[in-house]
Amino acid sequence: QKEVEQNSGPLSVPEGAIASLNCTYSDRGSQSFFWYRQYSGKSPELIMSIYSNGDKEDGRFTAQLNKASQYVSLLIRDSQPSDSATYLCAVNVSPGAGSYQLTFGKGTKLSVIP
Amino acid sequence: DAGVIQSPRHEVTEMGQEVTLRCKPISGHDYLFWYRQTMMRGLELLIYFNNNVPIDDSGMPEDRFSAKMPNASFSTLKIQPSEPRDSAVYFCASSYSGQIPPYEQYFGPGTRLTVT
């Protein structure tokens, strides 16, 4: 069973702080990693994708990938109340077989306190 | 461009009734995914299609669930007969095999199903 694990939270940070969200995965062959944001009552929205070890920055968001440790994280700088949502980590499993299937973690609920 | 379209947005039905959920993927996308989301189990993949052909239906919970994709722009997920434990939000997502970077999936707004 290929798994993606996230701390369910809630993670509370004050406005303006850095929020750090973490995810671990079990399939060492995974190559593609994604972060989705889901507001309450809404659908998941893709915010970041990362494929190589290291950091990838997009505005206030930075995704970090460490394949050796099977660990991917999302940093949100200058957190805003509008960032309050559940963040889902997703991993493409068995990419060598041409599978487009993503396995999702259960998500971390982030609350940014004004 | 229109995103993934799902209907209905809300469905309330009685146990034993047939329920049909509908999805229109993003134009040009050749992969379509059906997910179910609950508080307890999170987001689970039920089945996915490539070029209208079912590739993996191992996530379909029971024979009561069936899915079809008669053409590139339409898919249905049917539950017959429905049970209270089927209550969940059902999402459809689509992806394009030629996109760079690959494997990104885009979700529809979901159908909130309540079975009483």
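A disulfide is a pair of cysteine sulfur atoms within 2.5 Å. What we have here is a predicted model, in which local features need pLDDT of at least 70 and side-chain atom pairs count only at pLDDT 80 or more, while totals for chains, interfaces and linings use all residues. Residues are numbered from 1 along each chain as its sequence is written, chains are lettered from A in the order in which they are written, and side-chain values use heavy atoms, with hydrogens and water left out.

Over all chains, the structure holds two disulfides. In chain B, Cys23(B) and Cys92(B) form one, with their sulfur atoms 1.9 Å apart. The torsion about that S-S bond is about -65 degrees, so the disulfide is left-handed. In chain A, Cys23(A) is joined to Cys89(A), S to S 2.1 Å. The link of Cys23(A) and Cys89(A) is left-handed as well, with -70 degrees about the S-S bond.

Are Cys23(A) and Cys89(A) buried or exposed? Both are buried, where buried means under 20% relative accessible area, computed with a 1.4 Å probe on protein chains only. Cys23(B) is buried too, with a relative accessible area of 1%, and Cys92(B) counts as buried at 0%.

I turn now to the interface. In chain A, 21 residues are in contact (heavy atoms within 4.5 Å) with 25 residues of chain B. For salt bridges, a side-chain nitrogen of Lys or Arg must lie within 4 Å of a carboxyl oxygen of Asp or Glu; across this interface the rule finds zero.

How values were computed. Buried < 20%, exposed > 50% of the residue type's maximum accessible area, 1.4 Å probe, protein only.
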